Amino acid sequence: MGAMKAHPTGAALGAEIRGVDLSRPLDSATVARLNELWLEHEVIYFRNQTLTPAQHIGFSEGFGDVEVHVRTECCRADYPQIFVVSNIIENGKPIGAGDAGTRWHFDGCCTEKPSRGSLLYAKIVPVQDGVALGDTMFSSMTRAYDALPAGMKQRLHGMKAVNSYVKGYYRPINATKRPELTPEQMKKVPELEVPIVRRHPFTGKSCLYVNDTFTARIADVSETERNELLDYLFQHVSRPEFIYRHNWREGDLLAWDNCSTQHCAIADYPPLHRLMERTTIMGAASVSVSMVACAA
Ligand code: SIN
């Protein structure tokens, strides 16, 4: 392998990193450089990787502790830190979440310390007539914030939204029936107030922090204002100029930042099979202290 190098996608965010074999242990200088590149580009990806679950987890741990998803029934039995995203059914039972992420969202945005990032490894990519299906779109929330009119930035300053895992859980786009959340799961995901403009815990940049999946309402405003504002913001964050669309190849490992980006999976492939495995890095910073002081 040659020297490690970042190749920006040319879109609003994202870079391919070449010259790294993630199945080998990486020295701390390389991990630190990858962390910088990840913060800079918001999404980074590596092609042609061959990873065991332990190597996937080991690489992820270079960026923080790896969490176990609240949907434990969708996690690997042998490696519960790996959340399986797949529409494959084995012995009458789904092997993972078949309908995950088909609306815009941040992973782990319903916990007091929201997730730092996620790392998705492509094991089976559906292909039809030579074209890979099941792309994932990523939208830059730093770009989306920067592009807001000054008056809107002022208006959002200090505003809070309420995130609800339960709201997001019950509205997958393809209406697959999900199992009822158990009382134990419900206890782990109470509603949470978050700043609409969140300061990135590492870069300090302002990020728009509302999403169509989990944002249930805006705190302390009338219903009319809430609906008008959320309609505007949901439409704004998905504008094409903020988006990088990743066309997967088997062996891709892609890492996204869960504060500076949100993502949306495109379910255009059933009945073809898709199998992805995800690790999710715990956040270190509490969301309640990440309000942006002056959003203008
Ligand atoms: C997710 O939201 O974690 C799933 C993304 C994907 O399947 O592309």
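On a 1 Å grid over the protein atoms alone, a pocket is an open set of points with protein on both sides within 12 Å along at least five of seven lines, while a cavity is a set where a 1.4 Å probe fits but cannot get out; lining residues have an atom within 4 Å of a point. Grid points are joined across faces, edges and corners, and a volume is the space filled by probe spheres set on the points. With that in hand, the largest pocket here comes out at about 740 Å³. The model is predicted, so to speak of local features takes pLDDT of at least 70 and side-chain atom pairs count only at pLDDT 80 or more, while totals for chains, interfaces and linings use all residues. Residues are numbered from 1 along each chain as its sequence is written, and side-chain values use heavy atoms, with hydrogens and water left out.

**Pockets**

- The lining of the largest pocket is made of 42 residues, and those nearest its centre are His69, Asp107, Gly108, Tyr165 and Arg278.
- Two or more lining residues come from each of β4 (83-86), α5 (165-169), β18 and β19 (275-281); helices (H or I, at least four residues) and strands (E, at least two) are DSSP runs, numbered from the N terminus.
- α5 gives the largest share of that lining, with three residues.
- Sorted by class, the lining of the largest pocket has 18 nonpolar, 13 polar and eleven charged residues; Ala, Val, Leu, Ile, Met, Phe, Trp, Tyr, Cys and Pro count as nonpolar, Asp, Glu, Lys and Arg as charged, and the others, Gly among them, as polar.
- The second largest pocket holds about 330 Å³ of space.
- That second largest pocket is lined by 20 residues, with Arg71, Pro94, Gly96, Ala97 and Gly98 closest to its centre.

**Cavities**

- There are five cavities of 30 Å³ or more, and the largest cavity has a volume of about 50 Å³.
- Residues lining the largest cavity include Val85, Ala97, Asp99, Ala265 and Arg274.
- Seven nonpolar, two polar and two charged residues make up the lining of the largest cavity.

**Around the ligand**

- Val85, Gly101, His105, Leu120, Thr136, Trp256, His263, Ala265, Arg274 and Arg278 surround the ligand, each with a heavy atom within 4 Å of it.
- Polar contacts are pairs of N or O atoms within 3.5 Å; within protein, one must be able to donate a hydrogen and the other to accept it, and residues adjacent in sequence count only if both atoms are side-chain atoms.
- Arginine 278 has a polar side-chain atom 2.7 Å from an oxygen atom of the ligand, and for arginine 274 the distance from a ligand oxygen is 2.8 Å.
- Histidine 263 also places a polar side-chain atom 3.0 Å from an oxygen atom of the ligand.

- Strand β10 (residues 136-140) is joined to β18 by five bridges, and threonine 136 has alanine 265 as its bridge partner in β18.
- Another open sheet of three strands has the order β12-β11-β15, again with antiparallel pairing.
- Four bridges join strand β11 (residues 160-163) to β12, and three join β11 to β15.
- Valine 162 has glutamate 193 as its bridge partner in β12 and arginine 217 as its partner in β15.

Key
Two strands pair if DSSP finds at least two bridges between them.
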